[in-house]
Amino acid sequence: MQNNPVQDMQKLTTQLTDLMEKIKNGSAGDIVQQLQIALETLSVIATHDGLTGALNRRGLVQKLDLELDRAKRTGHPFSFAVIAVDRFHALNEQYGSAIGDQILQSLAQAALKLLRSLDSVGRIGDDEFAIILPTTWLDKSDIAISRLTSGVSALDWAGIAATLNVTFSTGLTTNAHGDTSEEMIRRATEALMQAKAEGPGSIVRLEQPLPYDPELL
């Protein structure tokens, strides 16, 4: 489900205003149910990015923590990607920040639409998004990234600004023994930096080295 934190905030304000009026008037009614709805709306606002509707860093880390716990219980691997718009700051300077915002919104909406419903997408930096790919081996994560690459390439960028064309680079990793959310974000971001150095649209995979055990030699 796609979320719009701005609309959610407006809805929450209306809900709380109505509740305050009922309290003032001494009309309890379904106040408990309405408070529950308001709390659910507040939870969405707290975990989603106001510009793109994707998860914010807090929401993404919560999802990543849950996926790490699941992987520890089941032994199933998963993949994790950090993607970034190529030359985003140059595009911002060339076309203006309003177009920059539209680029981020379009990329996020493409990811939310094209990836699986069990995947999670979050904005974790200025132009960086993270993607959690449950039950996905690292070599199979290319399928998701390829689908997103094709979808982003097919978007009507010229309709946003003449001559505009947008690509993204990708850093990929998979969970390792003892991983934390921040460690996975750090490793995928390191892979992303290497991908950016290779050129627009590049993908770099980075795995945690296996523990060294001299007894196995």
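**Reading the sheet and its helices**

Modeller: Gladly. Keep in mind that this is a predicted model.

Biologist: Which residue in β3 is the bridge partner of Val121?

Modeller: Ile131. Now widen the view.

Biologist: What is the strand order of the open sheet?

Modeller: The 5 strands are ordered β2-β3-β1-β4-β5, and the pairing is mixed. At the edges sit β2 (120-123) and β5 (203-205), each pairing on one side only. On average, neighbouring strands are turned by 20° against each other, direction ignored.

Biologist: Which strands does helix α5 touch?

Modeller: Helix α5 (residues 97-114) packs on the sheet and touches β1 (79-85), β2, β3 and β4 (168-174). Its direction makes about 155° with that of β1.

Biologist: And where does helix α7 lie?

Modeller: Helix α7 (residues 181-198) lies across β1, β3, β4 and β5. It runs at about 140° to β4.

Biologist: How do I read a helix pair?

Modeller: Two packed helices are described by the angle between their axes and the distance between those axes. Here, helix α3 (residues 57-74) packs with α7 at about 110°, the axes 9 Å apart.

Biologist: Why are α3 and α7 called roughly perpendicular?

Modeller: Angles of 65 to 115 degrees count as roughly perpendicular, so α3 and α7 are roughly perpendicular to each other.

Biologist: Which residues in α3 and α7 meet?

Modeller: From α3, Arg57, Val61, Leu64, Asp65 and Leu68; from α7, Ser181, Glu182, Met184 and Ile185. By class, the contact has 5 nonpolar, 1 polar and 3 charged residues.

Key: Residues are numbered from 1 along each chain as its sequence is written. This is a predicted model: local features need pLDDT of at least 70, side-chain atom pairs count only at pLDDT 80 or more; totals for chains, interfaces and linings use all residues. Side-chain values use heavy atoms; hydrogens and water are left out. Two strands pair if DSSP finds at least two bridges between them. Helices (H or I, at least four residues) and strands (E, at least two) are DSSP runs, numbered from the N terminus. Axes are lines fitted to C-alpha atoms, for helices over the stretch in contact, and angles run from 0 to 180 degrees between N-to-C directions. Contact means heavy atoms within 4.5 Å. Angles under 35 degrees count as roughly parallel, over 145 as roughly antiparallel, 65 to 115 as roughly perpendicular and the rest as oblique. Ala, Val, Leu, Ile, Met, Phe, Trp, Tyr, Cys and Pro count as nonpolar, Asp, Glu, Lys and Arg as charged, and the others, Gly among them, as polar.
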